[in-house]
Amino acid sequence: MHEAVIVSTARTAIGTAFKGTLTEMSAFDLGTRAVAEALGRSGVDPALVDDVVLGESLYGGGDIARYAAVNAGIVGVPGIAHNRHCASGLAAVQSAAASIRSGMDRVVIAGGVQSASTKPRARWRIPGTDEWDEDWLAYSHPETPDAPCRDMSITVGWNAAVQANLTREEMDAWALRSHQRAVAAIDAGSFAEEIFPIEVPRRDGTTVTFAVDEHPRRTTSLERLAALKPIHPEIEGFSITAGNASGVNDGAAAMVLADSGFAEKHGLEPLGVIRAWASVGVPPAETGLAPTIAIPKALERAGLTIGDIALWEINEAFASVAVATTRILGLDDTLVNVAGSGCSLGHPVAMTGSRMIITMVHELRRRGGGTGVAAMCAGGGMATAVVFEVAAAGLGWG
């Protein structure tokens, strides 16, 4: 069987939406830069690339992947925009790996991009009326009282906390640890290999070099987190706050995946290999617990058990998702989100899944290799998990 190996990775630093460094850059610009950088780092001849697959969510439709391919100078390559809501960046990697493992493609650039700062606003006529919804979003699922379409703090965060019997204190403690781990990773230079600096325009005509994730907070504490008001104080016991929820963010990530035979023939060092994946659906009100279904399914497909996994990242769309999944599956929490996740690094929706794999690939290489799992829930009652294996730096795959 053809193996799908990762031969290069690249991501921007993650910006805080609306008030951070990337507010003047569109998803089209960010996606172009990530695709071009990943391709350049791979050493692959652009003429040999078969496709570009980019996760895209909440950006008004279109095909950002094709735009990025043309803008990056690889005009002969098509492109497809993948939308599985929060899991779009993982879905892009799945599709790329599937096309390679089937023998249909040899080289595919996959990733995801999000610019919450420049997200377009849709206008939609309300059926049966002459009225217009001026800030319309496509529905992720049929609206119900326990799973509102536009309020993930209830549908995902709060429901997961209630269903897993989590306390506010447990979620705040997880969020604090997420910030501490992200800051420690930044200070140790752990993200240096994966982030490429970009020159970002400012409104005054100047530019600034952006190369460090800006969302993690060095000065947060349990006391500060505990002082934050719940998002829905009118709901008795509501425990979701801005502090134990993910950020709203901007960024882009891409990686070049290649057929293992192609990589060997062209002297490309594999960074890792995609072993298996699984995506599942659950009732929308149970979205936050969906990773507990996707992870065992992906592990079964890989022929592995929980004890075989060296590192995990379970996206902190809300801290409740990561805490609940870790507890229900019996994971060692010292191996979960070791460099932070959504609460600290932020959650640029369609980028996040690809960023998770990229971060874990480099962390596993530093640790001497091993198998990692990236998993996340996604709006509408979905979740995705991807299993990948990483060799120690410089060892490649024999």
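Which residues of α1 are buried? In this predicted model, they are Ala27, Leu30, Gly31, Thr32, Ala34, Val35, Ala38, Leu39 and Ser42.

**Helix α1**
- Helix α1 comprises the 16 residues 27-42, and its end C-alpha atoms lie 22 Å apart. This agrees with expectation, because at 1.5 Å a residue the helix should span 22 Å.
- The strands against which the buried residues of α1 pack are β1 (4-11), β3 (51-55), β5 (107-115), β8 (198-201) and β10 (249-259).
- The buried residues of α1 also pack against a helix, α2 (64-71).

**Largest pocket**
- The largest pocket holds about 1600 Å³ of space.
- Its lining consists of 50 residues, and those nearest the centre are Met152, Ser246, Gly247, Val248 and Val349.
- By residue class, the lining of the largest pocket contains 23 nonpolar, 19 polar and 8 charged residues.
- At least two lining residues come from each of α4 (152-163), α6 (222-227) and β13 (369-378). Of the contributions to this lining, that of α4 is the most, with 3 residues.

**Second largest pocket**
- The volume of the second largest pocket is about 260 Å³.
- This pocket is lined by 15 residues, with Leu58, Tyr59, Gly60, Leu137 and Ala138 closest to its centre.
- The lining of the second largest pocket is made up of 7 nonpolar, 5 polar and 3 charged residues.

Definitions and conventions. Residues are numbered from 1 along each chain as its sequence is written. This is a predicted model: local features need pLDDT of at least 70, side-chain atom pairs count only at pLDDT 80 or more; totals for chains, interfaces and linings use all residues. Side-chain values use heavy atoms; hydrogens and water are left out. Helices (H or I, at least four residues) and strands (E, at least two) are DSSP runs, numbered from the N terminus. The expected span of a helix is 1.5 Å times one less than its number of residues. Buried means under 20% relative accessible area, exposed over 50%, partly exposed in between (1.4 Å probe, protein chains only). Contact means heavy atoms within 4.5 Å. On a 1 Å grid over the protein atoms alone, a cavity is a set of points where a 1.4 Å probe fits but cannot get out, and a pocket is an open set with protein on both sides within 12 Å along at least five of seven lines; lining residues have an atom within 4 Å of a point. Grid points are joined across faces, edges and corners, and a volume is the space filled by probe spheres set on the points. Ala, Val, Leu, Ile, Met, Phe, Trp, Tyr, Cys and Pro count as nonpolar, Asp, Glu, Lys and Arg as charged, and the others, Gly among them, as polar.
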